[in-house]
Amino acid sequence: MGGDGKPRRWRLSFHRPSSAAAVPPSEFICPISNSLMFEPTIVSSGQTFERISVQVCSDLGFIPTLPDGSKPDFSTVIPNLALKTAIQNWCSKSGCARQNPPVYSDIESIIYSLMGSSTSKNLDSSTDGVSDRELLKGVEEIPQVLLSHAATEPNSRNFSSSSSSDNSVITITSPLSQFRTLPSCFASSSLSSPSTSSEFIPGEASLNDVPARSSTSPVEDDDFVSKIQSLDVYDREQALIWVRKTTKTDEESRVTLCTEKLLSALKLALFSPFAALQTNAAATLVNLSIEKRNKIKIVRAGIVPLLVEVLRNGSDESREHAAGAIFSLAIENDNRTTIGVLGALQPLMHSIRSGSQRCRLDSASALYHLTLVQTNRVKLVKLGAVGVLLGLLEDTELAARVVLVVSNLAVCDPGMSALLEAGGVGSLLKVLRLGKEVASESTRENCVAVLYLLSFGSLRFKGLARDAGAVEILEEVTKTGSELAREQSWRILEGLRYREETEEVDWEAVMKGGVGHAGYRVGWRHGPNSTEF
């Protein structure tokens with residue numbers, strides 16, 4: 001009550017803090033740019049950064065030191081979709097406007113300041129690290145010798161393949177020389193439908209209005225990208241056809257057209273329910289990925305998960321191009337772990353059995369390149385792929401590629417055990433038994449090399465080889481095979497004969513004389529180590 005006896009009215013003021021006062025959680029802030037993340041990505045070491053920050057650090061060959069003193073590993077970058085959704089929800093609830101994606105040059109300036117003025121001045125001459133720019137100057141073609149087992153196995157084992165050297169390693173010869181960089185869908189002949197054909201036909205009427213140009217201006221780039229993103233399906237399809245056929249024939253356009261805008265538009269097309277859009281987008285990605293410097297850029301744009309989805313559920317033709325694109329991207333060593341992490345192995349194994357012939361060939365080639373990485377080898381073994389691959393050795397068109405995948409699996413302990421368990425010895429010997437009429441010389445040579453690998457350190461190999469008739473088959477190879485196949489076959493036979501000699505034990509003598517007498521007989525068979533008592 002007031003002093004005059006009247007009720008007093010209280011004024012309550014409610015103040016809502018402005019959005020500018022909202023402070024985001026620390027996990028939403030990029031440790032490099034110190035700003036709210038627009039596109040958070042997880043790196044190999046487990047931390048999350050803004051994607052542009054990682055890209056700039058990689059381009060400059062710079063690894064920052066984090067507040068806790070650790071250094072991140074930028075070798076693999078995967079989008080953190082869960083955190084991105086959490087940031088968007090926080091912005092909505094707090095009233096904070098969603099900021100625009102960071103500008104490359106702004107992040108570059110921040111990282112230059114972190115590197116220090118002296119480092120930035122001498123950056124071009126620095127040799128402390130290898131940047132992605134240097135890496136993208138060229139991915140060398142796959143050499144004739146595809147695999148050095150001792151070099152690819154973490155716990156490397158040296159296998160002698162020459163009588164003159166104890167430190168040489170097994171090498172697997174390459175039957176992939178004629179298609180080692182080009183997917184089957186890229187090198188194939190034209191298809192029936194112009195709207196889905198990856199083959200450029202100069203006299204085709206629908207191309208008369210397409211101007212011949214090797215590069216595009218920013219205005220032209222925005223024009224066809226906007227058409228690919230149009231609501232009109234026909235306009236989108238025609239724009240995709242133009243980009244697809246331009247990048248098919250014009251090597252320079254693969255570089256100039258492979259921009260973030262185009263890749264974002266292609267992602268939308270891959271996600272489209274229209275098969276024609278999916279197919280043309282996947283085929284365009286095959287064409288763009290042929291250019292070596294585009295391979296890492298495409299993977300970093302987040303294309304791989306969509307290619308995997310097309311490989312699972314797309315039309316037959318779109319699956320062909322998805323398999324071809326994954327194969328082409330897997331040629332780049334830095335992409336292999338990422339592609340495996342993003343789930344490509346299982347759909348590739350499915351496609352190698354159920355797809356069209358071109359899809360099967362490119363899926364097998366993709367698996368070969370992916371299994372050059374240890375983590376992917378172990379994953380493939382856990383997926384139960386060994387038995388399937390051994391069965392595919394009987395497919396004359398796939399055998400050359402499949403045996404290379406098998407050879408990669410044989411260099412890891414889980415793969416070797418799975419091969420022995422699944423009847424790998426008998427399957428490989430069966431290929432050799434069929435002869436040159438069925439299997440090429442390089443395929444037979446690779447089968448011998450895998451057998452040579454399996455013969456090391458395995459007590460089971462002898463019994464499996466004996467049951468499969470290895471002696472007779474390998475003796476034939478020593479007469480008719482290539483020089484390397486003959487030498488490795490001879491060494492396998494020597495190992496089998498040596499084991500037969502050392503395993504001959506006089507069990508009656510063991511019962512009478514005990515372990516010491518048994519040891520005497522084995523030592524006597526070894527010659528120089530024996531002792532007369």
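Trainee: Why does Trp-90 count as buried?

Mentor: This is a predicted model, and in it Trp-90 has 16% relative accessibility. Buried means under 20%, so Trp-90 qualifies.

Trainee: What makes Phe-28 buried?

Mentor: The relative accessible area of Phe-28 is 7%. That is under 20% as well, so Phe-28 is buried.

Trainee: How many aromatic pairs are there?

Mentor: The count is two. Phe-28 and Trp-90 form an edge-to-face pair.

Trainee: Why is the pair of Phe-28 and Trp-90 called edge-to-face?

Mentor: Their centres are 6.3 Å apart, and the limit for a pair is 6.5 Å.

Trainee: What makes Phe-49 and Phe-74 an aromatic pair?

Mentor: Centre to centre they are 5.6 Å apart, with 85° between the planes. The distance is within 6.5 Å and the angle is over 60 degrees, so they form an edge-to-face pair. Both residues are buried. Phe-49 belongs to strand β2, and Phe-74 to the loop between α1 and β3.

Trainee: How do you know that the charged end of Lys-84 sits over the ring of Phe-38?

Mentor: The charged end is 5.9 Å from the ring centre. The distance cut-off is 6 Å, and the charge must also lie within 35 degrees of the ring normal. Lys-84 is listed as sitting over the ring.

Trainee: Which residues lie nearest the centre of the largest pocket?

Mentor: Glu-39, Arg-51, Arg-300, Ala-301 and Gly-302. The lining has 20 nonpolar, eight polar and 12 charged residues.

How values were computed. Residues are numbered from 1 along each chain as its sequence is written. This is a predicted model: local features need pLDDT of at least 70, side-chain atom pairs count only at pLDDT 80 or more; totals for chains, interfaces and linings use all residues. Side-chain values use heavy atoms; hydrogens and water are left out. Rings of Phe, Tyr and Trp (its six-membered ring) pair if their centres lie within 6.5 Å; planes under 30 degrees apart count as stacked, over 60 as edge-to-face and the rest as tilted. Buried means under 20% relative accessible area, exposed over 50%, partly exposed in between (1.4 Å probe, protein chains only). Helices (H or I, at least four residues) and strands (E, at least two) are DSSP runs, numbered from the N terminus. On a 1 Å grid over the protein atoms alone, a cavity is a set of points where a 1.4 Å probe fits but cannot get out, and a pocket is an open set with protein on both sides within 12 Å along at least five of seven lines; lining residues have an atom within 4 Å of a point. Ala, Val, Leu, Ile, Met, Phe, Trp, Tyr, Cys and Pro count as nonpolar, Asp, Glu, Lys and Arg as charged, and the others, Gly among them, as polar.
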